[in-house]
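Hello,

Here is the structure I promised to pass on to you. Have a look at it first, and then read on for what turned up in it.

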Amino acid sequence: MLNNDYIKQRLTEKFGDQVTNFEEPFEMLTFEAPKEINLKVLQFLFDDEGLQFRFLTDLQAVHYPDNTGRELAVVYHLHNLQANIRIRFKVYTNIATPDVFSATALYAAANWMERETYDFFGVNFVGHPNLKRILNVDEMDYFPMRKEFPLEDQTRIDKDDDMFGRGKSY
Amino acid sequence: MSDVIHHKNIRLPEGSIEKTTTTLNLGPTHPATHGVFQNILELDGERILSSESTVGYIHRAFEKLAERRPLYQITTLTDRLNYCSSPINNMGWHLTCEKLLGVKTPKRVDYLRVIVMELARISDHLICNSIVGVDTGAFTGFLYVMQYRELIYEIYEEICGSRLTTNMGRIGGFERDFTPKAFEKLEKFMAEYPKVLKEFEKLFSRNRIFMERLIGAGPISAERALNYGFTGPNLRAAGVDYDVRVHTPYSSYEDFEFDVPVGTTGDCYDRFLVRNQEMWQSLRIIEQAYQKVQSFKGTEHDVYHADAPEYYLPPKGDVYTKMEALIWHFKIVMGEVDIPKGELYLPVEGGNGELGFYLISDGGRTPYRLHFRRPCFIYYQAFEEITKGAMLSDAIIVLSSLNLIAGEMDA
């Protein structure tokens, strides 16, 4: 029977202490691996007899500006449709060289998801067949979902971060 | 990096009518795209050799906007994803918030939600299937069924006051109970709609001209569909019985009896049939939900929201007379309620497939990151593969039978 403990055990058997940070927020197994082996982990999850995570539900990034050296997280949501189990797999990369291997060879669905992630966060997916902007204009020279681009006009003083629970005094 | 793309036409062999292939821009404002997106097709006569899609014309930065909005204000953003079935998006978002906040909704709320979600599914499938008719040259069906989409919109109006971008419901339930008029209209819909759907099927399903146009157009195998991340009716048409309502029930879908229709070839005709069948199943669900809602007795009969004072607005009368209520009203409206830390992904079965909400909260008043898994955006990638070698007119019906909604694609 496929369950979170079994997945965790299989991953640890295969990758040892390279897969880390096992958590289960809202019952979804979440773990992390170094970005160098992201494809190895995805391939293992895809191929292994007992695991068979063959459906890429979603792929996106999160920016943590204070997380020095690990500013960008690329998050994969995978689904085993037969056993109906979902897992979340994260790789972190620094923002100076945000190179992460592309999963397009494994999942055709990853193509546009990676383009979207590149478009908004600037994650450079190595091996992607056509990595260019998808939703924003081609001329854009920044990555708008990064946290250094605040939504509000910075010259306004009536709407500071305090109002949103993230201010200095908060 | 912003090189202008120069499409080089390919030289065709001797004896061809044309000397070179033709480049055709289908969109961004072509009537057949039913939305704003572009397909650049490379044609040999009428046959498609390759295509390239450009999306993003109505990108509205929802994910960025959501990072500065309290939870209840994000509902209006979800309206504008798949605007043919906004209530599903609204309910999906409320369910996501409720899961994060640990709010448990009463059964009556769940059933009322199921009613509106299934109505939304019917209106979504209805427009998709009748538009497939329009694009194949059969306008009658479209006009005929639009009257009944109007009826659905009138029910929305009774429930929440608006029609297309509904902003329906609140975290914990609904802003007000369904009015007797809403139930009246629902009864009318349940009584009249089956006849109309039957008539619609009579016009189309076994119509020889319609079948010739649709069968074999834009097929996709189950394996490729899964690899492309297809979900919803488009995946089921390829023969995979994946339905979020069955796999991970939400809003008490486990209490209902319904079938999951599947196709075999994944072509336009199967997609059409699957959507038609799903409308019948939705009707079944609505009828069951209506019975269940009617069967509540006593105080349960009037419940329309959960007890969640930190997120659900107090009654207006209390706001004017009671201190406590006034404080909560102010805090909620100003978005001054901290949301708990957490990370979750919640999928619902949208009109087009698995609509997912990936929410990360760092304990602030707004989400730290919110990502919408938009089914449309993900499966539209397959357009190039499934139209390669097809005729131009097939590409048109593939576009409409995939039910591409620009709002959902571009977020």
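Predicted model: local features only at pLDDT ≥ 70, side-chain atom pairs only at ≥ 80, totals over all residues.

A:Glu23 has A:Thr30 of S2(A) as its bridge partner. The strands concerned are S1(A) and S2(A), the latter covering residues 29–34, and they pair in the antiparallel sense over two bridges.

From there you can follow the whole sheet. Five strands of chain A make up an open sheet with mixed pairing, and their order is S1-S2-S5-S4-S3. Strand S1 (20–23) and strand S3 (55–63) of chain A have a single partner strand each, so they stand at the edges and one side of each is left without a neighbour in the sheet. On average, and ignoring direction, neighbouring strands here are turned by 20 degrees against each other. Helix H3 of chain A, residues 110–121, lies across S3 and strand S4 (72–80) of that chain and runs at about 5 degrees to S3(A).

Stepping back to the chain as a whole, chain A contains three helices and seven strands. Read from the N terminus, its elements follow the pattern α-β-β-α-β-β-β-β-α-β. Chain A has 170 residues, and 39% of them count as buried. Taking contacts in chain A between residues at least 6 apart in sequence, 47% join residues at least 24 apart.

Is A:Ala33 buried or exposed? A:Ala33, which lies in strand S2 of chain A, counts as buried because it has 20 C-beta neighbours inside 10 Å, and 20 is the cut-off for that class. Leaving aside residues up to four places away in sequence, A:Ala33 touches A:Phe15, A:Gln18, A:Val19, A:Asn38, A:Val41 and A:Val91. A:Val91 is 58 residues away from A:Ala33 in sequence, yet their C-alpha atoms are 5.6 Å apart.

Now to where the two chains meet. Chain A gives 32 residues to the contact and chain B gives 36. On the side of chain B that touches chain A, the elements giving two or more residues are helix H1 (62–66), helix H8 (222–227), strand S4 (342–349), strand S5 (354–361), strand S6 (369–373) and helix H14 (375–379) of chain B. By class, that side of chain B has 12 nonpolar, 12 polar and 12 charged residues.

In one, helix H4 (residues 107–135) and helix H11 (residues 268–294) of chain B pack at an angle of about 155 degrees, and their axes are 8 Å apart. The angle is why H4(B) is roughly antiparallel to H11(B). The crossing of H4(B) past H11(B) is left-handed, and the residues in their contact comprise 17 nonpolar, four polar and six charged.

In the other, helix H5 (residues 140–160) and helix H6 (residues 180–204) of chain B have axes that cross at roughly 165 degrees and come within 10 Å. H5(B) is therefore roughly antiparallel to H6(B), and their crossing is left-handed. Residues making this contact include B:Tyr144, B:Tyr148 and B:Ile152 of H5(B), along with B:Phe189, B:Tyr193 and B:Phe200 of H6(B). By class, the contact of H5(B) with H6(B) has 15 nonpolar, two polar and four charged residues.

Best wishes

How values were computed
Residues numbered from 1 in each chain as written. Chains lettered and ligands numbered in written order. Helix = DSSP H or I, 4+ residues; strand = E, 2+ residues; numbered from the N terminus. Buried ≥ 20, exposed ≤ 12 C-beta atoms within 10 Å, placed from the backbone. Contact = placed C-beta atoms within 7 Å. Pairing = 2+ DSSP bridges. Axes fitted to C-alpha atoms, helices over the stretch in contact; angles between N-to-C directions. Nonpolar A, V, L, I, M, F, W, Y, C, P; charged D, E, K, R; others polar. Parallel < 35°, antiparallel > 145°, perpendicular 65-115°, else oblique. Left-handed = near helix turned anticlockwise from the far one by under 90°.
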